[in-house]
Amino acid sequence: MKVLGIVSEARDLNQCIPATQSISKQIKEYSFGELKADKQLSLGRMEVLEARELSQVHTAPVMDHSPPFLATYKSLFGGQQAIDTETEVVECCDLPLIDLSRLNSVLEAAQCKQDIVTAASEWGFFQIVNHGIADGLLARLREEQVKRFRQPFKQKASEKLLDFSDDSYRWGTPTATSLKHLSWSEAYHIPLSSSNKPARSSTIRCVIEELSLGMAQLANQLVDTLAEGLGRDGTYMKENCTRNMCYLRLNRYPPCPIPAQVFGLVPHTDSDFLTILCQDEVIGLQLKKGGRWFTVRPNPNTLVINIGDLFQAWSNGLYKSVEHRVMPNPHLERFSVAYFMCPSNETVIESSAQPAIYRKFNFGEYRQQVQQDVRRTGHKVGLTRFLA
């Protein structure tokens, strides 16, 4: 079976969502490549939206689970232009699809490994089935995730998620100085090192721990295959990216009344070795390939894999850490869960071939440079800071 990479023109959002989705007619004219929304809200509409948002906080506590984006970032909207997506022709694509059960077949294992290497080299993204993570487990986490995000905003902002981390709940972009730096989303960013701490039993904690164990095993399996494609083994990564060094992120992208003005998640690459993503059926994820943006057709029956910056550096540029983003939806909320395979700060990243494209660096140094660039410029610079 060859790796699939089907690209088709998406002139209408209906081409990028399942036909069974009953809301397709309601959102037909909100194609992410050709948004019909005005580039700039009038001050009158801004005031109405802000008043509605504030009234929810004060008069309807059962409905106040979304963060107060408009009220908090009001200064960013006055007189600024929309993000530059309306002039782009965004096509819809199916990511390369890999059936991991083929790795267990004597006849198909070699070709399956080659398909994974090809997808990581050409796309930096691919999707997998028969990955060993039970559908029931993913469904249980989604149920707990939805319940958690349905809590009042003030409660989410003031209470930590169990005992995982004091600052695990995050929303918006505190450092944003313009609309292009603002993400219309909220998340729980969970360091899995805290899963080793004694804690009271709860459904969401048990599900997170069970899922993170499965994700760690899956990540190790993929690392072995990708390292083998470089003529190396994955021992170094597996020894330095133990589960307690990794992160799980629960994401929610609330409906956005101004989808032409902000991102759901700003364009970026992942600062890890490997990311495993479980997303729902709502469209939103886009990736950049060949200088063009593509909308990823969502398939909730697969897991999405993408290469991170550290793997690109370690592979000396063979595997691609691809820029991606999430576009907001004016009517629908979107949920996803991401597992980030990260090493310790002391772990040294060194290119696997010579001449090396990137100089040797450790993960702590890389993270510090990324944070420094974001504070200074508003966006991540990434690997270009570490060219040899």
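The following dialogue reads selected features of one predicted model.

User: On what basis are the features of this model reported?

Analyst: The model is predicted, with local features requiring pLDDT of at least 70 and side-chain atom pairs counting only at pLDDT 80 or more, while totals for chains, interfaces and linings use all residues. Residues are numbered from 1 along each chain as its sequence is written, and side-chain values use heavy atoms, with hydrogens and water left out.

User: How many helices and strands does the protein chain contain?

Analyst: Helices (H or I, at least four residues) and strands (E, at least two) are DSSP runs numbered from the N terminus. In the protein chain they come to ten helices and 16 strands. Of its 388 residues, 54% count as buried, where buried means under 20% relative accessible area, exposed over 50%, and partly exposed in between (1.4 Å probe, protein chains only). Contact means heavy atoms within 4.5 Å. Among contacts in the protein chain with a separation of 6 or more, 79% join residues 24 or more positions apart.

User: How is the packing of helix H4 and helix H7 described?

Analyst: Two packed helices are described by the angle between their axes and the distance between the axes. Axes here are lines fitted to C-alpha atoms, for helices over the stretch in contact, and angles run from 0 to 180 degrees between N-to-C directions. The axes of H4 (residues 109-122) and H7 (residues 203-228) come within 9 Å and cross at roughly 85°. H4 is therefore roughly perpendicular to H7; angles under 35 degrees count as roughly parallel, over 145 as roughly antiparallel, 65 to 115 as roughly perpendicular and the rest as oblique.

User: Which residues make the contact of H4 and H7?

Analyst: H4 contributes Lys113, Ile116, Val117 and Ala120, and H7 contributes Leu222, Thr225, Leu226 and Glu228. These residues divide into five nonpolar, one polar and two charged. In this classification Ala, Val, Leu, Ile, Met, Phe, Trp, Tyr, Cys and Pro count as nonpolar, Asp, Glu, Lys and Arg as charged, and the others, Gly among them, as polar.

User: Which residues of the largest nonpolar core touch the most other members?

Analyst: In soluble globular proteins, nonpolar side chains tend to be buried together. A nonpolar core is here a set of buried Ala, Val, Leu, Ile, Met, Phe, Trp, Tyr and Cys residues joined through side-chain atoms within 4.5 Å. The largest has 90 residues, of which Phe77, Phe126, Leu211, Phe273, Leu274, Phe311 and Tyr339 touch the most other members. H7 supplies the largest share of this core, twelve residues. Leaving aside neighbours within four places in sequence, Phe126 is in contact with residues including Ile116, Ala120 and Leu222.

User: In what order do the strands of the open sheet lie?

Analyst: Two strands pair if DSSP finds at least two bridges between them. Eight strands form the open sheet, in the order E3-E4-E12-E9-E14-E7-E6-E5, and the pairing is mixed. Strand E3 (97-99) and strand E5 (169-171) stand at the edges with a single partner strand each, so one side of each is left without a neighbour in the sheet. Neighbouring strands are turned by 25° against each other on average, direction ignored. Helix H5 (residues 135-149) lies across E5, E6, E7, E9, E12 and E14, running at about 115° to E14.

User: Is strand E6 enclosed or open, and how does E6 pair?

Analyst: Six of the six residues of E6 are buried, so E6 is largely enclosed by the rest of the structure. Glu186, Tyr188 and Ile190 are buried on one side, and Ala187, His189 and Pro191 on the other. E6 pairs with E5 in the antiparallel sense over three bridges, Tyr169 having Tyr188 as its partner. Six bridges join E6 to E7, also antiparallel, and the partner of Ala187 is Asn251.

User: Are His181 and Glu346 buried or exposed?

Analyst: His181, in the loop between E5 and E6, counts as buried at 10% relative accessibility. Glu346, in the loop between E14 and strand E15 (348-349), is exposed, with a relative accessible area of 61%.
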